[in-house]
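Here are my notes for a first look at this model. Please read them with the structure open.

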Amino acid sequence: MTAHNAVNVTLQHEQDAILGRVTPGKKWFLVSLLLVSFLTPVLIFFVNGMNYYLHMLLTTFMYIALASSWNMIGGFTGYTSLGHNVFLAIGGYFSGLIFAELGISPFITAPLAGLIAGALGLAFGLISLRTRGPAFIISTIAMVLLLKLTFDRWDLIGGTGGMSLPFLKVPSMYTKVPFYYGMLLLAIGAVYLSYRIRHSKFGLGLRAISQDEVKAEVAGIPTNRYKILAFAASALFVGSVGARYGYYLTYLRPNIFLTVIVGAQLVLMSVLGGKGTVSGPIVGAVLFIGINEFFVASLGSSELNIVATGVLLAIVLLFFPAGIVGSLKEADRLPSIFDWD
Amino acid sequence: MTDMALIIQLLFIGVSLGGVYALMGSGLTIVFGVMRIVNIAHAALMMVASYVTYFAYIRIGMDPILSIFLTIPLMYFVGVITYKVFFSRLSKGIRYGELTVLLTFSIALIVEGLLGYFFTNTYRSTSPTYSTSAFLFGELFLPKGQFYATILSIVLIAALWAFLRYTRIGNAIRATMQNPTAAQVVGVNIEKASVVAFGIGLALGGAAGSLSTYMFPFYPGKHWEWIGILLSLIVLGGMGSLLGALVGAMLLAVTATFVSHYFGPTWSAVTFFLALFLILLFRPEGLFGKKMEVK
């Protein structure tokens, strides 16, 4: 039996175990969660000030999509990218530019923005994934700095001043609704892709890479191709989110998308929730939104927000490197509705 | 100005910037050499020294060059504390390299946020008299402030080299850089060597932070630009190599000066990031270093 067959067999075992674990309870939980998510906007007809809650929810969906995407390379594959906001910027500017020049709505071009980001991820991965460990992390920071310098000086897209996009022309009561559904769909898409990768031969290969790349290579896993594909997959939804997020903000500026803190927050969410797990980034994103909202409301300062991000990241890294979901799972205390691995 | 004179002039400026870059990078390279930690927070902590120097200059008129006697011990102390809090209990497991990068990254965020909170995001700089005057040689000029800073930087780097070469703890640090396991076997106290090296690394950064106040205006977020520059030059020189930091700094500073003259100053920063990218891809071990891959 060759090594590759051994991998296949392990996979089969694992899949059986997993399929057995999707209990009816988990299924109902998922269905009701989706149902509630899809029906929530109806409340705008009954509740005043619903726009605030829709804003919070759509931001949460956005972060879930971003963190789940980051997790594909940072969690499953074990290659920490501190520069994933680059794809957010690419998506945002791509769709924004088309909107400004041709008038085609970012809602239509968002999937295309995702593909562009994915293609760029593929290209960047081809070059950058030749390095490993700290060298890779540094190269992702270099990617952000390089793109920011370029965008700051690029007149077509407005340089540092950025560009403004027209508002969505609907009554103010409904403005959040299209974005709400847009982000919800992206979150579902990213989580579903992440789940499918986690339970595929591809995902198993990625996990082997994150454990020991040399051994994975020896076992017959095409590590290079897998890593690069994982990087491209992780850029896909980030690009689409960028397209919708830019339209939601109605302005694009390098300072919004391309500061290092944005990239750091993507990492923080996954690490906080538990990187390498399917539900970790979701838990992390929800918690992050809560914490962020608390800090902005009570401290009201973006500087202290940066401090809080740093402190939180350090605490999690030092004391719970497996994150919430990972630590609970190790202790066998994870509620089964969060266990999708 | 003739072509030849122009080239010599640009070389002057490049080399006189290179010394300060080398001083900034030497702290980073020592820390990596001993502990295999890529200290992303190096430039952020350097900013702390810059602010101390700035306020000493504004409040009591202390000369920025003299204030290195303040910032060197201060940053040594900060380095020891930082090491004790964040790194002393960390085990060198499979994810050590990655974990430490993320940890220093979070330290950088904390420092940046605190500086921004207390001192706002306005640009600051000191302006001692030598910062605006120059030595003149015929049609050539050499800015005095940069010249002093570079001379001092080279003196400090030489002092570091002598310290590593001729003192007991210096030898322990060098042994740890070469082979931590073997060093431990022959009785080197690795923990002590690490603390001292981390302190020294930041102390050098502190001196550089003081000297840079009158050459490069700064604000809290500026450290990201600096760390990009510093990483590029020590990666070029070879991480962990002191000579590499010096050579890398000179090469890149001179290149950036030429780029700045011929393509405009805004593109000089691109030189560094592009160089960093290319070196990581084609020669990750740099000119004088070992491979950076850490398991």
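1. Start with the interface. This is a predicted model. In it, 33 residues of chain A are in contact with 33 residues of chain B. Three elements of chain A give two or more residues each to the side that touches chain B: helix 6 (133-152), helix 12 (260-273) and helix 14 (302-319). Helix 6 of chain A has the largest share, with 11 residues.

2. Next, what is that side made of? By class, the side of chain A that touches chain B divides into 22 nonpolar, 7 polar and 4 charged residues.

3. Now take chain A by itself. Chain A has 15 helices and 2 strands. Its radius of gyration is 20 Å, and the globule rule gives 20 Å for 341 residues, so chain A is as compact as a globular protein of that length. Along the principal axes, the C-alpha atoms of chain A fill a box of roughly 65 × 45 × 40 Å.

4. How much of chain A is buried? Buried residues make up 50% of the 341 residues in chain A. As for contacts in chain A with a separation of 6 or more, 79% are between residues 24 or more positions apart.

5. Look at one helix pair. Helix 8 (residues 201-211) of chain A packs against helix 10 (residues 223-249) of chain A, with the axes 10 Å apart. The angle is about 105°. Angles of 65 to 115 degrees count as roughly perpendicular, and helix 8 and helix 10 of chain A are therefore roughly perpendicular to each other.

6. Which residues make that contact? Helix 8 of chain A brings Phe202(A), Gly205(A), Leu206(A) and Ile209(A). Helix 10 of chain A meets them with Thr223(A), Tyr226(A), Lys227(A) and Ala230(A). By class, this contact has 5 nonpolar, 2 polar and 1 charged residues.

7. Then turn to the core. The largest nonpolar core has 199 residues. Those with the most contacts inside the core are Ala65(A) and Met183(A) from chain A, and Leu45(B), Ala197(B), Leu230(B) and Leu276(B) from chain B. Helix 10 of chain A gives the most to this core, with 16 residues. That is the helix that also packs against helix 8 of chain A.

8. Finish at Met183(A). What does Met183(A) touch, leaving aside residues up to four places away in sequence? Its partners are Leu58(A), Phe61(A), Met62(A), Ala65(A) and Arg244(A). Of these, Ala65(A) is also among the core residues with the most contacts.

Technical notes. Residues are numbered from 1 along each chain as its sequence is written. Chains are lettered from A and ligands numbered from 1 in the order in which they are written. This is a predicted model: local features need pLDDT of at least 70, side-chain atom pairs count only at pLDDT 80 or more; totals for chains, interfaces and linings use all residues. Two residues are in contact if their C-beta atoms, placed from the backbone, lie within 7 Å. Helices (H or I, at least four residues) and strands (E, at least two) are DSSP runs, numbered from the N terminus. Ala, Val, Leu, Ile, Met, Phe, Trp, Tyr, Cys and Pro count as nonpolar, Asp, Glu, Lys and Arg as charged, and the others, Gly among them, as polar. The radius of gyration is taken over C-alpha atoms; the globule rule is 2.2 Å times the number of residues to the power 0.38. A residue is buried if 20 or more other C-beta atoms lie within 10 Å of its own, exposed if 12 or fewer, and partly exposed in between; C-beta atoms are placed from the backbone. Axes are lines fitted to C-alpha atoms, for helices over the stretch in contact, and angles run from 0 to 180 degrees between N-to-C directions. Angles under 35 degrees count as roughly parallel, over 145 as roughly antiparallel, 65 to 115 as roughly perpendicular and the rest as oblique. A nonpolar core is a set of buried Ala, Val, Leu, Ile, Met, Phe, Trp, Tyr and Cys residues joined through C-beta atoms within 7 Å.
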